[in-house]
Amino acid sequence: MDARRIVVTAVDGDGRSVFADDTEIEALTLAASPGSGFYRLWGWDGPATAPNDGARPDGHTFFPPNQGARWLITVFPPDDAAPGGEIDMEAALAEAEEKMPDTGRWMEPDEPGMHTTETIDFGLVLDGEVELELDDGAKVHLRPGDGVVQNGTRHAWRNPFGRPCTMAFVLIGADRAG
């Protein structure tokens with residue numbers, strides 16, 4: 001997968017705006033999901049402050065804690081790109097945990113793709129098409145330019161459309177209501 005470029009601005013010691021970083025971000029890929037890609041562009045784990053020095057903040061887990069945030073680009077491969085045969089779910093979850101820490105506690109191995117996080121997610125389809133499926137089986141078809149606000153609900157992303165779908169997401173950590 002192609003890398004994604006991230007340019008970061010900051011304020012220097014004299015109070016001037018500067019370019020602090022210009023970096024290529026490689027995709028995280030998973031053997032159990034050929035063609036998928038997860039670009040973790042930016043994120044933090046506590047209250048944000050601005051302006052700052054532009055240093056990459058620590059964001060230890062893939063999904064943010066309360067008051068944290070993540071900015072991601074995700075590539076969803078077509079459903080028919082899934083590997084044939086039985087998937088070693090234990091190995092798949094271990095790989096995901098290694099590359100995307102803390103994802104295991106949110107994902108549902110008995111219903112692949114289904115997950116519920118304590119986040120409010122803003123998603124935008126950049127290319128391709130995808131379906132957002134909720135826990136009752138309800139689905140919505142999303143196309144380029146369509147946005148979605150995912151309010152901490154149980155859901156899965158499905159791609160029955162025969163070509164990859166690329167989406168941009170901002171995930172904001174939240175307290176679970178109730």
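Buried means under 20% relative accessible area, exposed means over 50%, and partly exposed is in between, with a 1.4 Å probe and protein chains only. Keep that in mind for this predicted model, where local features need pLDDT of at least 70, side-chain atom pairs count only at pLDDT 80 or more, and totals for chains, interfaces and linings use all residues. Residues are numbered from 1 along each chain as its sequence is written, and side-chain values use heavy atoms, without hydrogens or water.

Salt bridges next. A salt bridge here is a side-chain nitrogen of Lys or Arg within 4 Å of a carboxyl oxygen of Asp or Glu. The whole structure has 10.

Take Asp127. Asp127 pairs with Arg163, with the closest N and O atoms 3.3 Å apart. Asp127 sits in strand β5 and Arg163 in the loop between β9 and β10, so the pair ties together parts 36 residues apart in sequence. Strands are DSSP runs (E, at least two residues), numbered from the N terminus. Asp127 is partly exposed, at 35% relative accessibility. Arg163 is also partly exposed, at 43%.

Now Glu111. Glu111 bridges to Arg154, closest N and O atoms 3.0 Å apart.

On to the inside. A nonpolar core is a set of buried Ala, Val, Leu, Ile, Met, Phe, Trp, Tyr and Cys residues joined through side-chain atoms within 4.5 Å. The largest has 19 residues, and Trp157 and Phe169 are among those with the most contacts inside it. Strand β10 gives the most to this core, with four residues. Apart from it lies another core, of nine residues, including Val8 and Trp42.
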